[in-house]
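The sequence and the structure are shown first.

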Amino acid sequence: MGGKLGLQMKMLSSESLKRRLEDVYRARGWIYKLKAGQKTYRWFRRSNRPTRLADTLGVYRIRPMPLPTFTFSPQAILQSLNLDWVISQFQEDGNVLIDGIFTYLFDDERLWDLLSEEFDMYDWHLRKIGGRQNLGWLRNALYTQIEQIVRSDPLYYILYACLRPDNNWRLISYPYYMKSTQVDDSTCFRHLDLNIPQLLQEGRGASQIQGSLTLTDETEDNCTEMLTGAHRWLPIWWDRIKQRKLDSDGLLHSVHSSMWTPEDKRDFGDWKSLPCKRGTVRISMPHNPHGSTGPAAGFRQTILPWFVGIMDDNETLEVQESGTRSQLAAAHRDMTAPPNTPSGYPNKYGSIPFRFPATVELCNVSPLADALVGRRLCDSPAVIAERNILLGPDHMARNKLIQEIRTRALDQARSNMQVVQQMEHQAFGKKSYWSCRDAGEQWVSDDDEDPDSETEAAYIAAEEAAAAADVAEELSADM
């Protein structure tokens, strides 16, 4: 009887159970009050009464108070960093170039030479797929030491949190390969890499600002180019695109000559070249059509850290088609490619199929740096403590933490490079970049679908053996 009523009975004596049943019988017309009452809800099994907040505590006695909503002052923070001009320019043009942010990478020339040679290693191992050019992209380089340093940089994080229209401080870096162009590489493109109809109608991706770090001095004919201020005129221009019947509903929009007419140029301005100095960062609103000059007029290297916003649930990304926080965390952990691009496009062409054998993690530089690559949740107490310093009012504490994190990152990268060299040599033997460099050899990898002639020979031998076995089996059957 007690079980059918949903009563807790294991701890009751026979006499106690009898009295409990009598109490329930007397309250049979309003038993719901017993199930909800503060003094009587424990009489019933959890599945037979309304859920209470205390049910979620498990073995904990006291419910923690919710954390207060975190707010910060972008203007005050940037002013303390002598960057108070940044917000006004960003709001005007939807774009800003900030010099000197990463010049610390080049202060120690010997260290820079060591770290930057990792780019040469990846270039050594890069091949074409199906004969297609790589268009100036170093598509196999997603986790170089320098890329990992940039993703962990606290000042770069501060800039993103301060310039995002929603000031979302929960950010994670989207693993993306770097640009490394040689003279005459086919680098020219113009596009807008988010869905314009959804941006205008729903605000999808409106706060997903974009940026890059330049590692080489650029020139007017060898740099990013952009239509600035599009956050003000994009709706008007898109109406014109629809009238011209050139609109689409894709995740990415190429901007070809028929889409940008003399009338548009007159009303909204023309494409601007945005050459950056070495160590300069560019941060842009997602509304701005952008691209690159081309063909490449010279050597140029840039890194795209791609900090994207995480929603309050610690899982959903601001552009949901691009994946989840867990998927990006797994990519950083395994050092593989994420399933999609930041715009939500499937990561098909040029995606690394597995972790490069000589890729070495830059770990535990700081709690917040860990969160930026998904190794910790943004609401980790240690992450929040550093967030409070970096986005807080104490200027001296902020500068001190920035320097500490940067120093730890550089020290670890210096140590990691020894492992990079050892593991690359171990994985590739006589075809290793470091082995061939030291020997002065200029071995060039094959761009076939199967670059390893030994693998090709083994495949042919296996097929021939299988064919011979089939012939032998047929002859045996005939006999």
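**Aromatic pairs, sheet and cysteines**

In this predicted model, the number of aromatic pairs comes to 22. One of them joins phenylalanine 70 and tryptophan 169 in an edge-to-face arrangement, with 6.2 Å from centre to centre and 80° between the planes. The two partners come from distant parts of the chain, 99 residues apart: phenylalanine 70 belongs to the loop between α2 (31-36) and α3 (74-80), and tryptophan 169 to the loop between α7 and β3 (171-173). Tryptophan 169 has a relative accessible area of 9% and is therefore buried.

A second pair, formed by tryptophan 233 and tryptophan 260, is tilted, with 5.4 Å between the centres and 45° between the planes. Tryptophan 233 is part of helix α9 (residues 230-243), whereas tryptophan 260 sits in the loop between β8 (253-254) and α10 (262-268); the pair therefore ties together parts that are 27 residues apart in sequence. Both tryptophan 233 and tryptophan 260 are buried. Elsewhere, one aromatic cluster is made up of Phe102, Tyr104, Tyr156, Tyr160 and Phe307.

Aromatic rings also meet charged side chains. Arginine 387 lies over the face of phenylalanine 70, 3.7 Å from the ring centre. Likewise, arginine 52 is placed over the face of tyrosine 41, at 3.8 Å from the ring centre.

The strands may be considered next. An open sheet is built from 6 strands, in the order β1-β10-β6-β12-β4-β2, with antiparallel pairing. Strands β1 (95-98) and β2 (137-138) stand at the edges; each has a single partner strand, so one side of each is left without a neighbour in the sheet. Within the sheet, β4 (residues 178-181) and β12 (residues 300-303) pair in the antiparallel sense over 3 bridges, and threonine 181 stands opposite arginine 300 in β12. Helix α7 (residues 154-163) lies across β1, β6 (210-214) and β10 (281-284), and runs at about 20° to β10.

The cysteines remain. A disulfide is a covalent bond between the sulfur atoms of two cysteines. With a cut-off of 2.5 Å between sulfur atoms, the count is 0 disulfides. Cysteine 162 takes part in no disulfide, and the nearest cysteine sulfur, in cysteine 378, is 16 Å away. Cysteine 162 counts as buried because its relative accessibility is 5%.

Definitions and conventions
Residues numbered from 1 in each chain as written. Predicted model: local features only at pLDDT ≥ 70, side-chain atom pairs only at ≥ 80, totals over all residues. Heavy atoms only, no water. Buried < 20%, exposed > 50% of the residue type's maximum accessible area, 1.4 Å probe, protein only. Pairing = 2+ DSSP bridges. Helix = DSSP H or I, 4+ residues; strand = E, 2+ residues; numbered from the N terminus. Contact = heavy atoms within 4.5 Å. Axes fitted to C-alpha atoms, helices over the stretch in contact; angles between N-to-C directions. Phe/Tyr/Trp six-rings, centres within 6.5 Å; stacked < 30°, edge-to-face > 60°. Lys NZ or Arg CZ within 6 Å of the ring centre and 35° of its normal.
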